[in-house]
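This report covers a pocket, the strands around it and the overall fold. The sequence and structure come first.

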Amino acid sequence: PWLQISPAMSLALLFAAALLAAPVAIDGDTLRDGSERYRIANLDAPELSPRARCGAEAELALRARAAAERMLAQARRVTAEPVGRRDVYGRVVAYV
């Protein structure tokens with residue numbers, strides 16, 4: 001391969017904070033930036049349909065996504081600091 005990364009460097013990259021270029025709120029606790037998805041650490045928003053257990057949860061999920069969209073619109077910059085793992089859906093778990 002043209003680039004070899006040591007195990008120590010791989011670990012450092014796993015925990016490196018990233019400046020998000022164009023983050024978009026997918027739901028109340030998930031952002032997408034390019035092809036990467038970030039699960040906001042220590043936040044559990046209600047599920048959007050079809051995962052919502054009832055109509056009330058789906059409505060709360062829409063409100064949670066709208067709140068995340070407002071925060072992103074007001075932010076001068078958004079960074080994601082990974083905690084060092086991915087969740088069961090493959091999202092990078094990070095403090096945002």
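## Strands at the largest pocket

Strand E2 (24-27), strand E3 (30-33) and strand E4 (36-40) each contribute at least two residues to the lining of the largest pocket. Strands (E, at least two residues) and helices (H or I, at least four) are DSSP runs, numbered from the N terminus. The model is predicted: local features need pLDDT of at least 70 and side-chain atom pairs count only at pLDDT 80 or more, while totals for chains, interfaces and linings use all residues. Residues are numbered from 1 along each chain as its sequence is written, and side-chain values use heavy atoms, with hydrogens and water left out.

## The pocket itself

The largest pocket has a volume of about 250 Å³. A pocket here is an open set of points on a 1 Å grid over the protein atoms alone, where a 1.4 Å probe fits, with protein on both sides within 12 Å along at least five of seven lines; lining residues have an atom within 4 Å of a point. Grid points are joined across faces, edges and corners, and the volume is the space filled by probe spheres set on the points.

The lining consists of 16 residues, and Asp27, Thr30, Glu47, Arg51 and Arg91 lie nearest the centre.

## Strand pairing

E2 and E3 run antiparallel and are joined by three bridges; two strands pair if DSSP finds at least two bridges between them. A hairpin with two residues connects E2 to E3. Asp27 has Thr30 in E3 as its bridge partner, and both residues are among those nearest the pocket centre.

E4 pairs with strand E6 (residues 92-95) in the parallel sense over three bridges, with Arg39 opposite Val93 in E6. Strand E5 (residues 78-86) pairs with E6 in the antiparallel sense, also over three bridges, and Arg86 has Val92 in E6 as its bridge partner. The hairpin of E5 and E6 has five residues between the strands, and Gly90 there takes a positive phi near 85°.

## Overall fold

The protein has two helices and six strands, in the order α-β-β-β-β-α-β-β along the sequence. Of its 96 residues, 30% are buried, meaning under 20% relative accessible area with a 1.4 Å probe, protein chains only.

Key: Buried < 20%, exposed > 50% of the residue type's maximum accessible area, 1.4 Å probe, protein only.
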